[in-house]
Amino acid sequence: MDIEACTVPTGSSITDVMQAIDRASTGLAVVVDSSGTLTGVVSDGDLRRALVAGAGLDDAVDRYMVREVLVLPEGFSPGQRDALFEQPAFSTRAPRWIPLVDAEGRPRNLVRSAEIATASSVGLSLGRAAEHRPALVTVLGGAGYIGSVLVRQLLAEGYRVRVVDRLFYGRASVDELVHHPRFELVEADVRSLSSLVPALVDSDAVVHLAELVGDPLCAHNPLMTFEINYLATASIALACHYLQINRFVYVSSCSVYGASPEPETILTEDSPLRPVSLYAKLKIESERSIRQLTHGGFSPVILRLGTVFGLSYRPRFDLVVNTFTAQAIHDGSIVVFGGDQWRPHIHVSDVAGAIRRCLRLPLEVVGGQTFNLVAENLTVDELANLVADEVPTATVTRSATVVDRRNYRVSADKARRMLGFSPERTVRDGIREIAAALRAGVIANHTDPRYSNIRAFTAAEMGAAL
């Protein structure tokens, strides 16, 4: 590891130290004096707890660092390693990193404690190239349609994952994970700062998915939508900004492009925004509130998703690809309203993959950026015909009535160029996987209210009324 990336001089501000920790992706900074001698270490968690307790971002790190540092000499012997393990401070502090120092006490490397434990020879090279990979990712809304897929991908990559979710749609999507050693579930409403802030303090990155999703649901309860989709989002971003959680991914929507006057024109991230729903309007306002906080440290990424499709651990059948496929399988008929409206589409697994890329890439690349995530642009008619092609027994019924006025084609060229984003699943792939799950009975009843955001919400309201 290049220890210089996480080495800071005494007197450095909390802001500067947090930026150094982010660049090195160690979760730890090494503090040295004017001669380069090690004087202390400090973790991002230490600094965030200090901020919550009243520290200022311009405060010198010296006040908050650990001065009694556990170290090993370069080229340490097995006996020196064993002596380190026998120190009481080693078991009480359980340090993740151990500095290696030269004869003058200058830090030369950082090694993981787990690697030291398996080292058997003097001078074994333990340093590894730093990856831009945060250790703990907190996923707000991690039990939902996208979140439940993302969480499993993060765990498979070796992250620790904390999910904060009110579990409005149930906990079945994460039940099998609760005993995973790197998974934690916090059942809480993101509107409750007293529950949310403790979950953020030791996070290395935050992915925000905890909003009410879809035009019908947001129109049904505008006040709650305003509270969750704007006020809570703005508060979450402000808290992450203050706590110097610099990796922040906000999941927005291509709905912000609304009704394009020239639907044949392919829209980019810089195209005019023409929202036609409360859901889209509050997405725009949330984007603005997040973007205003962007500075050299806080580096949020905004992802505007096309209409998502595909299987998830929390299935949804209020999304057009999934809905058309279910209609074709169970009803034998696909109902199309209008038909010439353009829609961008992306598979739920590809969304999760793009989020992971945003967590891995250097902040200099992704920080402060907005990306469209789209695999294919299809008209509603083209989509219906594609489903009918995969389910030949189904017919397509068309109505001239246009229920949804959104109409836009969207480019993902920026995401491909800067993120290396390359969707792995086509709309046809999604149709096939949904059809196979329905035919196999994996999803017994696609009309179950649990699989529709608006129907789940109204069913809960009716239950509460009773």
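Is Arg-49 buried, partly exposed or exposed, and what is its relative accessibility? Arg-49 counts as partly exposed, at 46% relative accessibility; buried means under 20% relative accessible area, exposed over 50%, and partly exposed in between (1.4 Å probe, protein chains only).

The views show a predicted model, in which local features need pLDDT of at least 70 and side-chain atom pairs count only at pLDDT 80 or more, while totals for chains, interfaces and linings use all residues. Residues are numbered from 1 along each chain as its sequence is written, and side-chain values use heavy atoms, with hydrogens and water left out.

View 1. Helices (H or I, at least four residues) are DSSP runs, numbered from the N terminus. Asp-46 pairs with Arg-49 at 3.2 Å, N to O, and the two lie 3 residues apart in helix 2, about one turn. Asp-46 is partly exposed, with a relative accessible area of 25%. Asp-44 forms a salt bridge with Arg-48, their closest N and O atoms being 3.6 Å apart.

View 2. The side chains of Glu-287 and Arg-291 meet at 3.2 Å, N to O. Glu-287 is buried, at 1% relative accessibility, whereas Arg-291 is partly exposed, at 35%.

**View 3. A network of salt bridges.** Asp-102, Glu-104, Arg-106 and Arg-108 are linked in this network.

**View 4. A nonpolar surface patch that includes Phe-226.** Leu-223, Phe-226 and Leu-231 form the patch, with about 280 Å² of accessible area together. Such a patch joins nonpolar side chains (Val, Leu, Ile, Met, Phe, Trp, Tyr) within 5 Å, from residues with over 30% relative accessible area and no salt bridge. Areas come from the Shrake-Rupley method with a 1.4 Å probe; for residues, only the protein chains shown count as cover. Phe-226 lies in helix 9 (residues 222-242) and is partly exposed, at 37% relative accessibility.

Terms used: Patches are made of residues with over 30% relative accessible area and no salt bridge: like charges are joined within 9 Å, nonpolar side chains (Val, Leu, Ile, Met, Phe, Trp, Tyr) within 5 Å. A salt bridge is a side-chain nitrogen of Lys or Arg within 4 Å of a carboxyl oxygen of Asp or Glu.
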